[in-house]
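Here are my notes on the model, in numbered points. Have the structure open as you read.

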Amino acid sequence: MCKRDPLFFINGFCWIDEPRIGEGEGSGLIPFNTWCHQDPVIASLAAFIGRRHSVIDKSRAQGASWLILCIIVWLFIFRPRSVLGMASINREMADDPDAPESLGWKVDMLLEFLPKWMTLYPDSHELAGKPIFDRNIGKSTWSNRLNGATLKAHSATKGLGRGGRYTLYFLDEAAFFL
């Protein structure tokens, strides 16, 4: 069911980190229970991933960055050979494993809190019990050894996203790109 339906996956298995007190159901580590206005966005994005460009006009505190990152993780786990990219205004915002505001930190957190049956090799595999993905902090990459999916974080530069084809490429804070 998770593989077929990103809404099921997000609402059933994704957690977000909300540092602000009084936001929604509380603060801290909370389940990502999508709001009714997010559901059609998720369904539309899932229908058009790899087929056309999508632009989301968003405002603050609407969960759009977390939403897209959940879709990226969904593709990374369940869609073989996905080539995924994400970028933010600088390297620290794109991927700093020690900074909760960075995209890479959020991806790491989403993967960490998934159930082990999604992130470990199955019992029948020779690598049973080991993680299916590799994380290279120096290169800002993730690779899923089980299905061949990859993810790379970039900082906003002149050549951003050039030289390759992507299943999905996320530009966070794009209004601030040079």
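1. D95 is buried, at a relative accessible area of 2%. Buried here is under 20% relative accessible area, exposed is over 50%, and partly exposed lies in between (1.4 Å probe, protein chains only). Keep in mind that this is a predicted model, where local features need pLDDT of at least 70, side-chain atom pairs count only at pLDDT 80 or more, and totals for chains, interfaces and linings use all residues. Residues are numbered from 1 along each chain as its sequence is written, and side-chain values use heavy atoms, with hydrogens and water left out.

2. What does D95 pair with? It forms a salt bridge with R135, the closest N and O atoms being 2.7 Å apart. (A salt bridge is a side-chain nitrogen of Lys or Arg within 4 Å of a carboxyl oxygen of Asp or Glu.) R135 sits in strand β4 (residues 133–136) and D95 in the loop between α4 (91–94) and α5, 40 residues apart. Helices (H or I, at least four residues) and strands (E, at least two) are DSSP runs, numbered from the N terminus.

3. R135 also meets D108 in a salt bridge (2.9 Å, N to O). D108 is in helix α5 and R135 in strand β4, so the pair ties together parts 27 residues apart in sequence.

4. D134 forms a salt bridge with R145, with the closest N and O atoms 2.7 Å apart. D134 is partly exposed at 33% relative accessibility, and R145 is partly exposed at 40%.
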